[in-house]
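Me: Could you take a close look at one part of this model with me? I would like to understand how two neighbouring elements cross and what surrounds them.

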Amino acid sequence: MGRDKDLTKGNPFSLIFSFSISMMMGVVTALICSMIMIFFGRAGMQLFVDQATVSEEIFTYGRDYLIVLGIFYPLLYVLYIMRASLQGLGNTFIPMVSSMGQLVMRVLCALVLTSFIGHRGIYYGEISAWILADLILIVTYFVMMQKRKQSE
């Protein structure tokens, strides 16, 4: 195997193994970060905002947002790994489409969801954007891997 070998045509087992290891490492890292966000979020906010000059309400909003993000944080890591995997396989179009989908979902949630559940609609807009992008990327990844398997 030379260095000039086209990685997009690599051994399918190697690709699946590498993907699986990346996904496991990412999810474990996300879970650790989630715990930090959920249990130490307020302390983290206090590093950047002086509690004496800001109302308690700001910290309440920040803490609520960090809890929501923390619960769903592994979805973000899945998104990053899926996007990078597709780009590594030579597909740059679908990752771009998923990013545009994220933008649309955030705007829709900001406009629609906030009218139903208030400021929390912004929190869940972020999560909804991650879910949409994950769905687009995961489906594309498995379709690409299936086509790759059939071509061998």
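Reply: Happy to. Let's begin with the crossing itself: helix α3 passes helix α4 in a right-handed sense. Please keep in mind that this is a predicted model, so everything below is computed from predicted coordinates.

Helix α3 covers residues 93-117, and helix α4 covers residues 120-150. Their axes lie 7 Å apart and meet at an angle of about 150°. Angles over 145 degrees count as roughly antiparallel, and α3 and α4 are therefore roughly antiparallel to each other.

The side chains of Glu126 and Arg106 come together with an N to O distance of 2.9 Å. Since Glu126 belongs to α4 and Arg106 to α3, the pair ties together parts that are 20 residues apart in sequence. The two partners fall into separate accessibility classes: Glu126 is buried because its relative accessible area is 18%, under the 20% cut-off, whereas Arg106, at 30%, counts as partly exposed.

Leu103, Val104, Val107, Leu108, Leu111, Val112, Phe116, Ile117 and Tyr124 make a nonpolar patch of about 880 Å². Helix α3 supplies the largest share of that patch, with 8 residues.

Arg120 forms a salt bridge with Asp64, and their closest N and O atoms are 3.5 Å apart. This pair connects distant parts of the chain, with Arg120 in α4 and Asp64 in α2, 56 residues apart. Arg120 itself is partly exposed, with a relative accessible area of 35%.

To complete the set, follow α2 on to helix α1. Here Glu56 and Arg42 meet through their side chains in a salt bridge of 2.9 Å, N to O. Glu56 lies in α2 (residues 56-88) and Arg42 in α1 (residues 12-48), so this contact ties together parts that are 14 residues apart in sequence. Both ends are partly exposed: the relative accessible area is 42% for Glu56 and 23% for Arg42.

That brings us to the total of 3 salt bridges in the structure.

Technical notes:
Residues numbered from 1 in each chain as written. Predicted model: local features only at pLDDT ≥ 70, side-chain atom pairs only at ≥ 80, totals over all residues. Heavy atoms only, no water. Patch = residues over 30% accessible without salt bridge, like charges linked within 9 Å, V, L, I, M, F, W, Y side chains within 5 Å. Areas by Shrake-Rupley, 256 points an atom, 1.4 Å probe, with all protein chains shown as cover. Salt bridge = Lys/Arg side-chain N within 4 Å of Asp/Glu carboxyl O. Helix = DSSP H or I, 4+ residues; strand = E, 2+ residues; numbered from the N terminus. Axes fitted to C-alpha atoms, helices over the stretch in contact; angles between N-to-C directions. Parallel < 35°, antiparallel > 145°, perpendicular 65-115°, else oblique. Left-handed = near helix turned anticlockwise from the far one by under 90°. Buried < 20%, exposed > 50% of the residue type's maximum accessible area, 1.4 Å probe, protein only.
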